[in-house]
Amino acid sequence: MDTTAVSTGTDGKTWGGGNKPLGASYGKLMMWFFIVSDALTFSGFLVAYGFSRFKFINSWPIADEVFTHVPFFHGNYPMIYVAFMTFVLIMSSVTMVLAVDAGHHMKKNKVIWYMFLTIIGGAIFVGSQAWEWATFIKGDYSAVQTNGGNIIQFGEYVEVDGEQKFKRVAVSDFAVAAATERTQHQRKNGIWYSDEKPLPEFTVSDVVAGLEANKNILARTQIINEEGEKTVMSRQESIDMIKNNGKQVVSGANLVINEYGTNLFADFFFFITGFHGFHVFSGVVINIIIFFNVILGTYERRGSYEMVEKVGLYWHFVDLVWVFVFTFFYLV
Amino acid sequence: MAHAHKLEIFRGLIKFKSNTSKIWGVLLLLTIVTAVEVVLGIYKPEALMGQFLGMKGLNWIFIILTIVKAYYITWDFMHMRDETAGLRRMVVWTAVFLICYLVFILLQEGGYIERVYESGFIKRDF
């Protein structure tokens, strides 16, 4: 074998071997391979979101009206919390890159400290994501879903600084609950292998009764008008719409129903932020493993902290994806 | 290679003394860009709400600012600035080309389906 290799006569030529055109180690290159393919997966998801949004361009939910909560505070604060989450993730990216930099200078204690901060940042982000999900699933004002699958929401005009503004009102604040005879299908009283989800608190006729009793309540459709707001119907239209087309009261969101608008919005929200959240979670786990390796002095003995650099690449990529998710879910 | 960081951003307009100070500089830049995005997203200035190339002007601003952020994350945090041109092109152009293709195909198709709905061939208002 040796003789064959020598007799090729390519020494000193470009294809003679030993050439490193990319100047990067195998591990780092493979991480880049993974990142490119994962980037394409994420763009597939985000573009699918764009596809569905373009399909319903005139009736898509307005993100500012959906994500308005901040933990421990009451009131309407669109975007503030997501902006905070974005900042936490960027900040943990910074501590990660500082850890990489400290690794280049073989400063073990600094690497430990920065890796620790990165892990904390990641944990805060995942926790925030969980809170965001919980709030989204629980819902806000409830709405009525029509037979055609459209979502009708309720509110009233209030005067804010001399201007008439449409303010949302929760279904539970005006619907008149009547005694109903509908019983929930449970395993003990129906087919033994299936049961039904909890019944909605209100029925469509409760909502109609509430609408008729409260003269100020109006319904609005999902159609976005020229001012970029959802179309508010007149009193008569509102009552007729619920009476003729109302199918069920929906509260919160899951993969089947969504009080904020089209179901697809909730589906994509769970799918894309969930997939990203899973990346952050696995990033935190990998960071923890590397963190302990650093403490144990594995890389000190190896003489190179390149492993920190490789997980760093992954961690920055997760941040990079969030920048896009943030734009396309919350801003655009 | 590990110690040879390029320490200038904005095509040499700003030069940093050390890699650490460059990192903080880039953090400052990313924070400012995010803050601008959030403020624009909350106040939605009327002047930017006009249609431009099939989208609201404001949305174009958001997308451009996002790409700016992506650039600095990749170039300075992921050290793409310090990699060889070959590696950089392999990663960036592959992704950019395929993503542009995806975006074009799917958004075009989404718009088409929207027009089918709008022209009333499929009833949805019930």
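This is a predicted model: local features need pLDDT of at least 70, side-chain atom pairs count only at pLDDT 80 or more; totals for chains, interfaces and linings use all residues.
**View 1. Domains of chain A.** Chain A is divided into domain 1 and domain 2. Domain 1 is made of two segments, 26–140 and 264–331, and domain 2 covers 143–250. Taken over C-alpha atoms, the centres of domain 1 and domain 2 of chain A are separated by 36 Å.

**View 2. Helix α2 of chain A against helix α11 of chain A.** Helix α2(A) spans residues 26–55 and helix α11(A) residues 306–331; their axes come within 10 Å and cross at roughly 15°. Angles under 35 degrees count as roughly parallel, and α2(A) and α11(A) are therefore roughly parallel to each other. The crossing of this pair, α2(A) and α11(A), is right-handed. On the α2(A) side the contact is made by A:Gly27, A:Lys28, A:Met31, A:Ile35, A:Asp38, A:Phe42, A:Leu46 and A:Tyr49. On the α11(A) side, A:Glu306, A:Glu309, A:Lys310, A:Leu313, A:Tyr314, A:Phe317, A:Val321, A:Phe324 and A:Phe328 take part. By class, the residues of the contact of α2(A) with α11(A) are 11 nonpolar, 1 polar and 5 charged.

**View 3. Helix α9 of chain A against helix α11 of chain A.** Helix α9(A), residues 263–296, packs on α11(A) at an angle of about 160°, and the two axes are 10 Å apart. The angle makes α9(A) roughly antiparallel to α11(A). The crossing of α9(A) and α11(A) is left-handed. Residues contributed by α9(A) are A:Phe269, A:Ile272, A:Thr273, A:His276, A:His279, A:Val280, A:Gly283, A:Ile286, A:Asn287, A:Ile290, A:Asn293 and A:Val294. From α11(A) come A:Met307, A:Val308, A:Val311, A:Tyr314, A:Trp315, A:Val318, A:Val321, A:Trp322, A:Val325 and A:Phe329. The contact of α9(A) with α11(A) has 16 nonpolar residues, 6 polar residues and no charged residues. A:Tyr314 and A:Val321 of α11(A) are listed both in the contact with α2(A) and in the contact with α9(A).

**View 4. Contact between chain B and chain A.** Chain B gives 46 residues to the contact and chain A gives 44. On the side of chain B that touches chain A, at least two residues each are supplied by α1 (19–43), α2 (57–77) and α3 (85–118) of chain B. Helix α3(B) gives the most to this side, with 16 residues. The side of chain B that touches chain A divides into 25 nonpolar, 14 polar and 7 charged residues.

Methods: Residues are numbered from 1 along each chain as its sequence is written. Chains are lettered from A and ligands numbered from 1 in the order in which they are written. Axes are lines fitted to C-alpha atoms, for helices over the stretch in contact, and angles run from 0 to 180 degrees between N-to-C directions. Helices (H or I, at least four residues) and strands (E, at least two) are DSSP runs, numbered from the N terminus. Angles under 35 degrees count as roughly parallel, over 145 as roughly antiparallel, 65 to 115 as roughly perpendicular and the rest as oblique. A crossing is left-handed if the near helix is turned anticlockwise from the far one by less than a right angle, and right-handed if clockwise. Two residues are in contact if their C-beta atoms, placed from the backbone, lie within 7 Å. Ala, Val, Leu, Ile, Met, Phe, Trp, Tyr, Cys and Pro count as nonpolar, Asp, Glu, Lys and Arg as charged, and the others, Gly among them, as polar. Domain bounds come from an automatic or database domain assignment.
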